[in-house]
Amino acid sequence: MPIGFIEILDDTCKGCLLCVAACPKSLLHQTKKKINKRGLYPVEFVDPEGKCNACRLCAIVCPDVAIRVYKQPRKLKTEHPAAAEAKAG
């Protein structure tokens with residue numbers, strides 16, 4: 001499964017928490033650690049176990065377009081060099 005990463009644009013986020021409710025893996029949380037330029041508490045992405053699959057539900061529900069979703073492509077399985085030589089052989 002692809003690995004996802006979420007970037008929250010802190011100064012755009014108004015902390016409405018719609019993305020928190022939309023995340024099926026519960027990886028988004030409101031933070032009380034920082035305040036943005038607007039004086040609001042933005043949402044924070046926390047995924048220490050790499051559970052995000054880049055489903056984009058958080059970005060879809062965000063009314064302020066404050067979420068960017070990145071998806072790492074799957075790695076293709078490469079054939080073992082010995083098997084490739086046997087085929088060519």
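The questions and answers below go through a predicted model of one protein.

User: In what order do the elements of the protein run from the N terminus on?
Analyst: The secondary structure comes to three helices and four strands. Strand 1 covers residues 3-8, and helix 1 covers residues 18-22. From the N terminus on, the order is β-α-β-β-α-β-α.

User: What share of the residues of the protein count as buried?
Analyst: A residue is buried when its relative accessible area is under 20%. The protein has 89 residues, and the share of them that count as buried is 25%.

User: Among contacts between residues at least 6 apart in sequence, what share join residues at least 24 apart?
Analyst: A contact here needs heavy atoms within 4.5 Å. Counting contacts between residues at least 6 apart in sequence, the share that join residues at least 24 apart is 63%.

User: Which elements give two or more residues to the largest nonpolar core?
Analyst: This core has 14 residues, and I6, I8, C19, L28, F45, C58 and I67 touch the most other members. The elements that give two or more residues to it are strand 1 (3-8) and strand 3 (43-45).

User: Is L28 buried or exposed?
Analyst: L28 lies in strand 2, residues 28-30. Leaving aside neighbours within four places in sequence, L28 is in contact with I6, I8, C19, V20, C23, V43, E44, F45 and C58. Its relative accessible area is 3%, and the limit for this class is under 20%, so L28 is buried.

User: Which residues is C19 in contact with, leaving aside its neighbours within four places in sequence?
Analyst: C19 is one of the residues of the largest nonpolar core that touch the most other members. It also belongs to the lining of the second largest cavity. Leaving aside its neighbours within four places in sequence, C19 is in contact with L28, V43, C58, V61 and I67.

User: How far apart in space are L28 and L17, C-alpha to C-alpha?
Analyst: L28 is in strand 2, whereas L17 is in the loop between strand 1 and helix 1. The two are eleven residues apart in sequence, and their C-alpha atoms are apart in space by 8.6 Å.

User: Why does L17 count as partly exposed?
Analyst: Partly exposed residues fall between the buried class, under 20%, and the exposed class, over 50%. L17 counts as partly exposed because its relative accessibility is 32%.

User: What is the phi of A54?
Analyst: A54 is found in the loop between strand 3 and helix 2 (57-61), and it is buried, with a relative accessible area of 5%. Most residues other than glycine have a negative phi. A54 is not a glycine, yet it has a positive phi of about 60°.

User: What is the volume of the largest cavity?
Analyst: A search of the whole structure finds two cavities of 30 Å³ or more. The largest is lined by 14 residues, of which I6, C23, C52, C55 and C58 lie nearest its centre. That lining divides into eleven nonpolar, one polar and two charged residues. The volume of the largest cavity is about 100 Å³.

User: How many residues of the lining of the second largest cavity are charged?
Analyst: The second largest cavity has a volume of about 50 Å³. Its lining includes K14 and D64, and Lys and Asp count as charged. The lining divides into seven nonpolar and one polar, and the charged residues number two.

Notes
Residues are numbered from 1 along each chain as its sequence is written. This is a predicted model: local features need pLDDT of at least 70, side-chain atom pairs count only at pLDDT 80 or more; totals for chains, interfaces and linings use all residues. Side-chain values use heavy atoms; hydrogens and water are left out. On a 1 Å grid over the protein atoms alone, a cavity is a set of points where a 1.4 Å probe fits but cannot get out, and a pocket is an open set with protein on both sides within 12 Å along at least five of seven lines; lining residues have an atom within 4 Å of a point. Grid points are joined across faces, edges and corners, and a volume is the space filled by probe spheres set on the points. Buried means under 20% relative accessible area, exposed over 50%, partly exposed in between (1.4 Å probe, protein chains only). A nonpolar core is a set of buried Ala, Val, Leu, Ile, Met, Phe, Trp, Tyr and Cys residues joined through side-chain atoms within 4.5 Å.
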